[in-house]
Amino acid sequence: MSDLKINVINHPLIQHKLTLMRKETTGTKDFRELLEEISMLMAYEITRDFPLKEIEIKTPVTTCKSKVLTGKKVGVVPILRAGLGMLNGVVNMIPAARVGHVGMYRDPETLKPVEYYCKLPSDVSERTLIVVDPMLATGGSSAAALSLLKAKGAKSIILMCLVVAPEGVRVVNEEHPDVPIYTASVDECLNEHGYIVPGLGDAGDRIFGTL
């Protein structure tokens, strides 16, 4: 897998919580809460290199120079529906972020991703967009969503996924080499049904209790 361009976040808290999420016995409430917690921790990591600038402020004691974020504003774009499970975690860490939504489904005959919804901030070209989706399996929907965002004017995009399959990473690497991918785990492979192995099942169903 040395050919994959991907950033794996190995923080112990993330790995511990991911293990709990993988368990078949973990219920909807706990699964949803764990995903939000991991999303907060991942947001902390992927923003590590965001640029800062110094400004002068007044504390209750004196004036001083202190640092604030600079550079591009941030947008968070969940891929519906499972991406909604990661949204609050990221927004909790970046409250000023604008939120867009992209809906994709896989055509049962062609197996190609089809857009059914897209609503974005009007200034996407001026923002760093963090696209969130728990699972990167075949890569088709994610790659299509990234193409859609670029067509709408996005120039700076990060893809953040909980668990990925090597097959999906290769698709996104090939179609969008400029988009960095962050994940908590690169799993083994896809099975014959397109599920990530060992994975954690259908993330959307487990988030919303529609098993």
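1. Helix α4 (residues 140–151) packs against helix α5 (residues 166–175) at an angle of about 25 degrees, and their axes lie 8 Å apart. Axes are lines fitted to C-alpha atoms, for helices over the stretch in contact, and angles run from 0 to 180 degrees between N-to-C directions. The angle therefore makes α4 roughly parallel to α5 (under 35 degrees counts as roughly parallel, over 145 as roughly antiparallel, 65 to 115 as roughly perpendicular and the rest as oblique). Helices (H or I, at least four residues) and strands (E, at least two) are DSSP runs, numbered from the N terminus.

2. This is a predicted model, in which local features need pLDDT of at least 70, side-chain atom pairs count only at pLDDT 80 or more, and totals for chains, interfaces and linings use all residues. Residues are numbered from 1 along each chain as its sequence is written, and side-chain values use heavy atoms, with hydrogens and water left out.

3. Ser-142, Ala-143 and Leu-146 of α4 meet Val-171, Val-172 and Glu-175 of α5, where contact means heavy atoms within 4.5 Å. By class, this contact has 4 nonpolar, 1 polar and 1 charged residues (Ala, Val, Leu, Ile, Met, Phe, Trp, Tyr, Cys and Pro count as nonpolar, Asp, Glu, Lys and Arg as charged, and the others, Gly among them, as polar).

4. Helix α1 (residues 12–22) and helix α2 (residues 28–46) pack at about 155 degrees, with axes 10 Å apart. The two are therefore roughly antiparallel, and their crossing is left-handed. The contact includes Leu-13, Ile-14 and Lys-17 of α1 and Phe-31, Leu-34 and Glu-37 of α2. By class it has 11 nonpolar, no polar and 2 charged residues.

5. An unreviewed UniProt entry places a "binding site" feature at residues including Arg-81, Arg-106, Asp-133, Pro-134 and Met-135; such annotations may be inferred rather than shown by experiment. From this set, the lining of the largest pocket takes in, among others, Arg-81, Arg-106, Asp-133 and Met-135. On a 1 Å grid over the protein atoms alone, a pocket is an open set of points where a 1.4 Å probe fits, with protein on both sides within 12 Å along at least five of seven lines; lining residues have an atom within 4 Å of a point. Met-135 is found in strand β9 (residues 135–136).

6. UniProt also lists Ile-196, Gly-201, Asp-202 and Ala-203 as "binding site" (unreviewed entry). The lining of the largest pocket includes Ile-196, Gly-201, Asp-202 and Ala-203. Ile-196 lies in strand β13 (residues 196–197).

Methods. Left-handed = near helix turned anticlockwise from the far one by under 90°.
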